[in-house]
Amino acid sequence: MSTSDPIADMLTRIRNANTAKHDTVDVPSSKMKLAIAGILLDEGYIEKYDLVDNGNFKDIRITLKYQGAKKEQVISGIKRISKPGLRIYVGKDEIPSVLGGLGTAILSTNKGVISDKEARKEAVGGEVLAYIW
């Protein structure tokens with residue numbers, strides 16, 4: 001099934017699996033989704049991700065991360081910012097800070113898909129894909 005916004009579909013699958021306290025969630029693979037999963041791993045929101053071959057296509061199996069014995073969620077919120085109907089771009093001086101630096105903004109730049117911290121360090125702007133906190 002084809003969706004008009006595959007990144008929003010990925011973020012929604014992660015949000016729903018996290019709310020239901022599932023251990024893993026499978027997402028159809030693409031280069032952009034792999035880059036986003038890499039940022040989630042680097043920032044400590046997920047434990048790991050693997051590429052799983054399902055015959056004709058590949059999935060990304062994301063292992064969610066929880067804290068403590070009660071399985072408290074590490075991801076408390078995910079929000080898609082730039083949508084197909086309304087793209088949101090920022091310059092290098094306008095990179096958003098999510099929850100005063102406690103969260104992470106994911107940006108698509110000419111240096112690739114990077115986090116807000118790395119975008120500030122590289123001094124590049126781009127399209128704001130999502131916020132996660």
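1. The charged end of Lys 71 sits over the ring of Tyr 66, at 4.9 Å from the ring centre. A charge counts as sitting over a ring if NZ of Lys or CZ of Arg is within 6 Å of the ring centre and within 35 degrees of the ring normal. This is a predicted model, in which local features need pLDDT of at least 70 and side-chain atom pairs count only at pLDDT 80 or more, while totals for chains, interfaces and linings use all residues. Residues are numbered from 1 along each chain as its sequence is written, and side-chain values use heavy atoms, with hydrogens and water left out.

2. The largest nonpolar core has 25 residues. Such a core is a set of buried Ala, Val, Leu, Ile, Met, Phe, Trp, Tyr and Cys residues joined through side-chain atoms within 4.5 Å; buried means under 20% relative accessible area (1.4 Å probe, protein chains only). Ile 14, Ile 36, Leu 40 and Ile 62 have the most contacts inside this core. Among the elements that give it two or more residues are α1 (6–19) and β3 (57–64); helices (H or I, at least four residues) and strands (E, at least two) are DSSP runs, numbered from the N terminus. The most comes from α1, with 5 residues.

3. A second, separate core of 10 residues includes Ile 81, Ala 119, Val 124 and Val 128.

4. Asp 116 lies in helix α3 (residues 116–122). Asp 116 is buried, with a relative accessible area of 2%. Leaving out residues up to four places away in sequence, its contacts (heavy atoms within 4.5 Å) include Ile 95, Pro 96 and Leu 107.

Conventions: Buried means under 20% relative accessible area, exposed over 50%, partly exposed in between (1.4 Å probe, protein chains only).
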